[in-house]
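Colleague: I am new to reading structures. Could we go through this one together, step by step?

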Amino acid sequence: MPARRKTAKSASSSFWMKSLGHLLAISCLCSVISGYSDRDRAHDLMFVYPLIDGHNDLALQLRILHNNRLSQIDLHNVNKVATDITRLQEGRVQALMFAVYVMCGAQEKDAVRLTLEQIDVVRRMCTEYPDFELVTSVQELQKSKDRRKIACLISIEGGHSIDSSLPALRMFYQLGVRSMALTHTCNTPWAESSSKLYNVFQRKNNSLTTFGKAVVEEMNRLGMIVDLSHTSWDTALAVMNHSKAPVIFSHSSSFSICDNTRNVPDSLLHELKKNRGVIMVNLHSNFISCRKEANISNVADHFDHIKSVIGAESIGIGGDFEGASSFPRGLEDVSKYPALIEELLRRNWTEHEVADVLRRNFERVFEEVERVRDELRDNRPSEVQIPVEEVQNSCRLVLRPPTPKGLPSDQISSSRALQGPRGLLILSTVLQLSRLIMTE
């Protein structure tokens with residue numbers, strides 16, 4: 001190449017590089033002058049579309065730290081937790097699914113009582129503080145936003161809370177429960193957990209039993225959202241194939257980014273897309289980076305991947321604050337949510353996509369769940385009962401003389417006792433008392 005042409009090309013390249021530098025400088029200067037940064041965009045967007053957080057365990061911490069004594073604390077400022085009213089307002093959080101969780105050790109014992117007590121503390125919290133508002137429908141949720149209230153939705157975390165009873169499920173609905181995760185870290189007699197922590201109710205090739213399908217059907221009929229976080233992948237697939245309504249993963253992330261079995265593989269994401277459901281990304285560091293440490297960029301990687309697989313219209317946020325021990329740097333509590341939205345905007349997510357993630361996707365699912373409920377309104381409440389042999393619970397009282405066949409050995413003796421002279425006398429007395437009560 002002639003020296004003159006080489007010099008000219010070099011000069012031209014230098015000119016364009018300098019011009020590009022000037023343009024970037026002008027762009028930065030304009031941002032400074034206008035004062036409208038990605039951070040400002042995030043805050044403004046969240047003012048119009050405040051966040052619906054799919055999972056928060058504050059009720060659990062209230063029990064652990066204060067034994068549910070709300071009189072001892074001010075929920076505007078609570079120590080040793082990541083959630084309080086002040087920080088929710090700072091983080092532009094307008095609604096939360098408050099988890100009603102009792103440990104798997106309560107299964108076959110007093111899980112129902114403990115669940116009732118946790119429902120009580122959420123209801124008290126959300127009715128005694130004027131900043132909160134208990135909601136039970138998508139219409140109430142939207143009205144709560146207009147009133148600038150923090151909406152409380154109640155979700156049961158773990159199907160062991162219903163003690164394999166559809167009447168118990170219906171009563172929880174009457175108390176305001178609008179979502180239930182089918183399992184936690186233990187199998188139930190009718191659904192399978194992703195965790196192997198508890199060696200209970202082990203089955204092969206039966207991740208959702210006949211009774212489990214009845215639970216899903218009754219939740220569809222009631223208008224209760226089916227939550228698949230914590231379920232095994234086989235159970236999740238079986239539920240999505242059976243449910244008439246969209247489902248959610250209330251606090252799960254991408255298995256392709258972090259290969260923890262609590263996360264969701266791409267194959268299930270595609271099924272979720274067909275179901276028109278939503279995965280609400282969990283912020284717990286162990287589910288984000290598969291380590292105890294993570295950062296906001298790691299979290300955004302999950303959003304980017306899920307978006308590339310099934311689109312932004314299938315994503316939400318379920319922080320899991322108060323239910324996990326470590327969170328990414330910059331997302332240590334609920335006040336930090338705008339930093340995540342800022343990162344998504346920086347990654348060229350459109351404001352429409354971010355608005356979907358913040359609340360519109362969850363609202364759509366809730367609306368569709370209620371639509372299915374309305375379509376099923378002529379269906380009578382299910383009277384399906386789980387077979388005694390599937391429950392395997394010696395504490396489960398059968399309100400009629402049971403037969404020894406198929407019963408656990410520790411129930412056979414009680415069965416025989418009821419069939420003896422003393423047992424017949426007891427039954428006769430109970431029947432006579434029942435008749436007296438009915439005639440009064």
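Modeller: Start with a term. A pocket is an open set of grid points with protein on both sides within 12 Å along at least five of seven lines, and its lining residues have an atom within 4 Å of a point. Keep in mind that this is a predicted model.

Colleague: Which helix supplies the largest share of the lining of the largest pocket?

Modeller: The largest pocket has a volume of about 360 Å³. Of its 19 lining residues, Gln385, Ile386, Val388, Arg396 and Arg400 are the closest to the centre. Two helices, helix 7 (166-174) and helix 15 (388-391), each give at least two residues to this lining. The largest share is three residues, and it comes from helix 7.

Colleague: How many residues of that lining are nonpolar?

Modeller: Sort the lining of the largest pocket by residue class. Four residues are polar and four are charged. The nonpolar residues number 11.

Colleague: What class do 10 residues of the lining of the second largest pocket belong to?

Modeller: The second largest pocket holds about 310 Å³ of space. His184, His230, Asp320, Gly323 and Ala324 are the closest to its centre, out of 19 lining residues. Helix 3 (58-66) and helix 11 (285-288) each supply at least two residues of this lining. Four lining residues are nonpolar, five are charged, and 10 are polar.

Colleague: Why do the buried residues of helix 2 line one face?

Modeller: Helix 2 spans residues 38-48, and its residues Ala42, His43, Leu45 and Met46 are buried. Look down the axis of helix 2: the buried residues line one face because they fall within an arc of 165°.

Colleague: Which strand do those buried residues pack against?

Modeller: The buried residues of helix 2 have several partners. Helix 13 (337-346) and helix 14 (351-375) are among them. So far these are helices; the strand they pack against is strand 1 (51-56).

Colleague: Which residue of strand 2 stands opposite Leu51?

Modeller: Strand 1 is mostly covered, with six of its six residues buried. It pairs with strand 2 (residues 93-100) in the parallel sense, over four bridges. Opposite Leu51 stands Val93.

Colleague: How many residues line the largest cavity?

Modeller: The count comes to one cavity of 30 Å³ or more. The largest cavity has a volume of about 50 Å³. Its lining divides into six nonpolar, eight polar and one charged. Thr231, Phe249, Thr261, Arg262 and Asn263 lie nearest its centre, and the lining residues number 15.

Definitions and conventions
Residues numbered from 1 in each chain as written. Predicted model: local features only at pLDDT ≥ 70, side-chain atom pairs only at ≥ 80, totals over all residues. Heavy atoms only, no water. Buried < 20%, exposed > 50% of the residue type's maximum accessible area, 1.4 Å probe, protein only. Arc of directions from axis to C-beta. Contact = heavy atoms within 4.5 Å. 1 Å grid on protein atoms, 1.4 Å probe; cavity = no way out; pocket = protein on both sides within 12 Å on 5 of 7 lines; lining within 4 Å. Points joined across faces, edges and corners; volume = space filled by probe spheres on them. Nonpolar A, V, L, I, M, F, W, Y, C, P; charged D, E, K, R; others polar. Pairing = 2+ DSSP bridges.
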